[in-house]
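These are my notebook entries on a single structure. I set down what I looked up, entry by entry.

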Amino acid sequence: MIDREGRVLFGSLLVFVLAVAVSVVLEGQFGVSLRDGPVVAVLLFAGVAVAVPQLYLAVTDAAISPRSRLRFAALATAVFAVAFAAEAEGLRELVIATIGTGALLALVCYEGVAGYRAVGGDLSLDLGSD
């Protein structure tokens, strides 16, 4: 029997495979390829296949730490963005790089807030003035 996490990950993989199959059909019928829209491809690969199930499990599943799921989602999104930005040109490359950078920046901000809360929110900045 597949556990809940396996069902969520398998479901996202199934949605990804269906989206790629629809893309192949659209390419055959209308000549529109997934390679023509690299931003959509990044959102499909990084979003549907990796980030969405990890973010869903971070909210609903307590077996694995939500922080580690968020880290994985952000880092995987950044890695996919770098891989797809290498193939894109012009404004598309900039948009894809912004997606990856935004994921890493969001992770840094999240870690900073989590660290601040772990200390108890009682940090003071002493500049040495009396």
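I began with A51, which I located in helix α2; helices (H or I, at least four residues) and strands (E, at least two) are DSSP runs, numbered from the N terminus. I worked on a predicted model, in which local features need pLDDT of at least 70, side-chain atom pairs count only at pLDDT 80 or more, and totals for chains, interfaces and linings use all residues. Residues are numbered from 1 along each chain as its sequence is written, and side-chain values use heavy atoms, with hydrogens and water left out.

Is A51 buried or exposed? I found A51 buried, because its relative accessible area is 11%; buried means under 20% relative accessible area, exposed over 50%, partly exposed in between (1.4 Å probe, protein chains only). Which residues does A51 touch, not counting those up to four places away in sequence? I listed A46, A73 and T77, where contact means heavy atoms within 4.5 Å. I also noted that A51 and L70, 19 residues apart in sequence, lie 8.3 Å apart from C-alpha to C-alpha.

Q54 counts as buried because its relative accessibility is 9%. Leaving out residues up to four places away in sequence, I recorded L9, R69, F72 and A73 as touched by Q54.

I then looked at α2 as an element. α2 has 23 residues and reaches 31 Å from its first C-alpha to its last, close to the 33 Å expected at 1.5 Å a residue; the expected span is 1.5 Å times one less than the number of residues. Where is the kink in α2 centred? I placed the kink, of about 45°, on G47, the bend at a residue being the angle between axes fitted to the seven residues ending there and the seven starting there. Among the buried residues of α2 I noted P38, L44, V50, P53 and L57. The cover over the buried residues of α2 includes α1 (4-30), α3 and α4 (91-119).

I looked up the largest nonpolar core and counted 8 residues: A41, V42, A46, A81, F84, A85, A88 and I96. Such a core is a set of buried Ala, Val, Leu, Ile, Met, Phe, Trp, Tyr and Cys residues joined through side-chain atoms within 4.5 Å. α2 (38-60) and α3 (66-85) each supply at least two residues of this core. Apart from neighbours within four places in sequence, V42 is in contact with G47, F84 and I96.

For the aromatic rings, I paired those of Phe, Tyr and Trp (its six-membered ring) with centres within 6.5 Å; planes under 30 degrees apart count as stacked, over 60 as edge-to-face and the rest as tilted. This rule gave 3 aromatic pairs. F45 in helix α2 and F84 in helix α3 are 39 residues apart, and the pair links distant parts of the chain. F45 is partly exposed, with a relative accessible area of 24%. Ring pairs join F16, F45, F80 and F84 into a cluster.

Last, I recorded the protein as a whole. I counted 4 helices and 0 strands. Buried residues make up 25% of the 130 residues.
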